[in-house]
Amino acid sequence: MSDMSRRRLLLGGAALGAGALLAGCTSNDTKDSEPQTNTKAGNAASEAPGKPVTIGFSAPAADHGWIGAITANAKAQAAKFSDVTLKAVDAGKDAPAQIAALETLIASKPDAIVLLPQDGAQLTTVGKKAMDAGIIVINLDREFSDAAASFCLIKGDNYGMGVAAGHYVGEKLKGKTDAVIGEIPGIDDLQLTKDRSKGFADTLKGYGLSVKHRVAAGFTVQSGQAAAANLLQAAPKLDAVWNHDDDQGVGVLAAIQQAGRKEFFLVGGAGSRDAMDHIKSGDTVLTATVTYPPSMASSAIILARLAAQGKGMGDLVELQVPKMIVLQSETITKDNVDKYLPLGFKS
Amino acid sequence: MSTTIEPPVDVHDRPRVTAQGFWQREGSDHAKRNLALIGVLLLLLIIGMFTRPDIFLSGSGLWQNEVVVLSQASSIGVITVGMTFVIIAGGIDLSVGAILALASVWCTTVATQSYGPAVMVFAALAVGALAGLVNGVLIAYGRLVAFIATLAMMVSARGLAQNISQSHTQITNDPFIRSLASDKILGVPYIVLIFLVVTALGWVLLNRTTFGRRTVAIGGNPEASRLAGINVRLQTMLLYVLSGLCCGIAAIMVVSQTWSGSNTNGEGYELSAIAAAIIGGTLLTGGRGTIVGSLLGVLIFSQITNLFIVNGLPLDIQRVINGGIIVVAVLVQQFRVGSFPFLKRTAAK
């Protein structure tokens, strides 16, 4: 009997200890907790406090690094202004859920709404409704099907991303017409993926090159690993690979290392901190990445504040913010990576 | 509907002589099905030889390619072993992908990584087993339907994974964890070896232990099992713990393959594992199934994906083919257990 209870005590103790250990393992705090957000401070013209404004914000739930950085940037930038109150609403899992959340937001009458839609076309009517209610709508990244549904659009350049990657690969492989080029896009059904691939193919054509192996992943590390592992099998020898997304790029790099391949160079996309670190140290085949910066969310908050206060952009002549801003897709290599490091987002 | 227990009429209809050919003997049913699956696998390799002779007809090329196929099958394969046990016992586990994600995130947090690889491995296994235990208790003692209990776990485990990781990809630089996917013994990566060992252990557990016999028994007829003295509830609970533990093992494999834990890991694994078990001959209603069949099911799906990619074909068509394979496999399965009485009658003559 006492043997039994001793065993129980031991078991119970072990279970408790294991439980305590497990519970202690959920922390993600680092000692050097550098803020992983990109904000703009010290721009006198736009930062002088004006009339207090309330800005609503809605973006899809963060399920990967880039979207996570979008929300984090928006919140951090809003916190920089003493005259801005940010009302962030959860966009839910799909377009109908986001529409429902926005209806509530519109009813609370904010001065402006920064909106990254689940789907541009599906959210257009809500954008229009908000504009009709006198709310300034800043359309972030995914474009509405009707320009009247937003006051201002700020977005990245998907086609331009493909062009930038194409030029980088093209310059490096110039004259080598038998070069084998691989491409690992994200989710293939998305328009943004098609735009990126088209930009890449169009630009390569100018150099007499073309994509030989193309395997779609799904923006997740695991899909990136699987796609790259199989792609490397399909192509025993490669000269260059463009991976559309640095989030899935973690898996892509792992697969390349596991296969022990280093005869080609890899170009990334988006511009994560992890990718930039690899470019800087030169420890992998990743030699460049083309940006699609989530810092656009910070800029969108700045635009919303300016518009709601009736100001234009300080350095421009016009009295209003522009109708549309398309960000450049920049190429980050070892030569300029130091300049971009602060803009790298945590994947 | 269709279980191994035959209606009494059939027993009289069917000649019970044992001196029959291999193909007619009832006991060789599993062997026959597995041979058919091996045939499908060989067919896929032959297609490969015609479409990409440079890979499939060169010794080293074929070896390397099949190592990749096995590596890609390893994490889903381990999960399918656990899933096979659960389904044989008449249950279902929809939460495997989410538990994998949770375990992969839990074992790659900054805090866990600071304790070193041993704790990382322990955390993944413990989180998997604990999540499985919650499933098991809810189903066995809380009398929840397995579909509902594991559906709830599927949603909440992924949510918790998202909460812990804040949707970030948690990268690990631990050399031991990374070496599991990249280092090899005799050309075979460690994770493939783990996969094969787990499969072998699963086979032994199902076929050579009372645990395995009980699993089949409660899947065939839980009431009769209870009357025969089996603790059905305890057995049911343990099966979900087993499935959760397999998710923990698979989580370590995925972390070593991708160098990271992420709440997006293991997406769609529940359906892939169920599909692999089904084409391997496991009855969704319980009472019958084999580990070897499930293993072959996993390999077939992994080989098809590989075949499509090395031939540069779009993956949408592959989904259509995967769906077709499931339908054909189940149709064949129904034919075996006698859902087509008119066919049986002609066969008896």
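A: Start at the interface. Chain A puts 36 residues in contact with 38 residues of chain B (C-beta atoms, placed from the backbone, within 7 Å). This is a predicted model: local features need pLDDT of at least 70, side-chain atom pairs pLDDT 80 or more, while totals for chains, interfaces and linings use all residues. Residues count from 1 along each chain as its sequence is written, and chains are lettered from A and ligands numbered from 1 in the order written.

On the chain A side, α1 (2–24), α3 (65–80), α8 (221–234) and α9 (246–259) each give two or more residues (helices are DSSP runs of H or I, at least four residues; strands are E, at least two; both numbered from the N terminus). The most come from α8(A), with nine. By type, that side has 13 nonpolar, 18 polar and five charged residues.

Now helix α4(A), residues 95–107. Its 13 residues reach 18 Å from first C-alpha to last, close to the 18 Å expected at 1.5 Å a residue. Gln98(A), Leu102(A) and Leu105(A) are buried (20 or more other C-beta atoms within 10 Å; exposed means 12 or fewer). Down the axis of α4(A), these buried residues fall within an arc of 55°, so they line one face of the helix. Their cover includes strands β1 (53–59), β2 (84–90) and β3 (112–115), and helix α5 (120–132), of chain A. The face turned away from the buried side carries exposed Pro96(A), Glu103(A), Thr104(A) and Ala107(A). After α4(A) comes Lys109(A), with a positive phi near 50°.

Methods. Two residues are in contact if their C-beta atoms, placed from the backbone, lie within 7 Å. Ala, Val, Leu, Ile, Met, Phe, Trp, Tyr, Cys and Pro count as nonpolar, Asp, Glu, Lys and Arg as charged, and the others, Gly among them, as polar. The expected span of a helix is 1.5 Å times one less than its number of residues. The arc is that of the directions from the helix axis to the C-beta atoms.
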